[in-house]
Amino acid sequence: MDLIGIPTLNRAKELQRLLEELALQYEMYGHDVPIKIFDHSHNESASWVVEAFPQLDIEVYGQSKRDKLIQEIHENCSIPEDEANIIFSNGYGGNRNFMLAMHPLDRLVSIDDDAVPIAYRSQEKPHHDERW
């Protein structure tokens, strides 16, 4: 796997919970897979959340990168800008399309921002999480 992609839209609290779990798993199991967050929030709130996780290799793709991609598609592929905008529209589908367009040849796992992948924790490394 080349990267973990996380599409998000106005879910800073949920994104923080997901990154907390990923940070724990990275520490416990020695993972080092880069995380790419595709933030379609107008205030790009993912950037604020990411600052709390300097131990993770995270890059945030916000509205400015989305706009640049739409402009490049319009100019280089002769696709009308409004149609290119539809491809990367609000919602999970548009955000997923943005993620795939930015990393077309990478092997990636997409995790929704409100999902929390709980890893199996053996008896040697007990973990009690008060959040659940």
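## Terms and model

Two strands pair if DSSP finds at least two bridges between them. Strands (E, at least two residues) and helices (H or I, at least four) are DSSP runs, numbered from the N terminus.

This is a predicted model, where local features need pLDDT of at least 70, side-chain atom pairs count only at pLDDT 80 or more, and totals for chains, interfaces and linings use all residues. Residues are numbered from 1 along each chain as its sequence is written, and side-chain values use heavy atoms, with hydrogens and water left out.

## The chain as a whole

The protein chain has 5 helices and 4 strands. Read from the N terminus, its elements run β-α-β-α-β-α-α-α-β. Along the principal axes, the C-alpha atoms fill a box of roughly 60 × 30 × 25 Å.

The accessible surface is about 7,800 Å² (Shrake-Rupley method, 1.4 Å probe; for residues, only the protein chains shown count as cover). Carbon and sulfur atoms hold 51% of that surface. Of the 132 residues, 39% are buried. Buried means under 20% relative accessible area, exposed means over 50%, and partly exposed lies in between (1.4 Å probe, protein chains only).

A contact means heavy atoms within 4.5 Å. Take the contacts in the protein chain with a separation of 6 or more: 67% of them join residues 24 or more positions apart.

## The sheet and its helices

In what order do the 4 strands form the open sheet? The order is β3-β2-β1-β4, and the pairing is parallel. The edge strands are β3 and β4, and each pairs on one side only. From one strand to the next, the twist averages 25°. Angles run from 0 to 180 degrees between N-to-C directions, and axes are lines fitted to C-alpha atoms, for helices over the stretch in contact.

Look at β1 and β4. They pair in the parallel sense over 3 bridges. Ile-4 has Val-109 in β4 as its bridge partner. Helix α5 packs on the sheet and touches β1, β2, β3 and β4. Its direction makes about 145° with that of β1. Helix α1 (residues 12-29) lies across β1, β2 and β3, and runs at about 165° to β1.

## Salt bridges

A salt bridge is a side-chain nitrogen of Lys or Arg within 4 Å of a carboxyl oxygen of Asp or Glu. The structure holds 6 of these salt bridges.

One of them joins Arg-107 and Asp-2, with the closest N and O atoms 3.2 Å apart. Arg-107 lies in the loop between α5 (92-102) and β4 (108-110), and Asp-2 in the segment before β1 (3-8), so this pair ties together parts 105 residues apart in sequence. Is Arg-107 buried or exposed? Arg-107 counts as exposed, at 55% relative accessibility. Asp-2 is partly exposed, with 28%.

Lys-36 forms a salt bridge with Glu-59, and their closest N and O atoms are 3.0 Å apart. This pair links distant parts of the chain: Lys-36 sits in strand β2 (residues 35-39) and Glu-59 in strand β3 (residues 58-61), 23 residues apart. Lys-36 counts as buried, at 13% relative accessibility. Glu-59 counts as partly exposed, at 29%. The side chain of Glu-59 also meets that of Lys-65 in a salt bridge (3.2 Å, N to O). Lys-65 is partly exposed, at 29% relative accessibility. Elsewhere, a network of salt bridges links Arg-11, Asp-112, Asp-113 and Asp-114.
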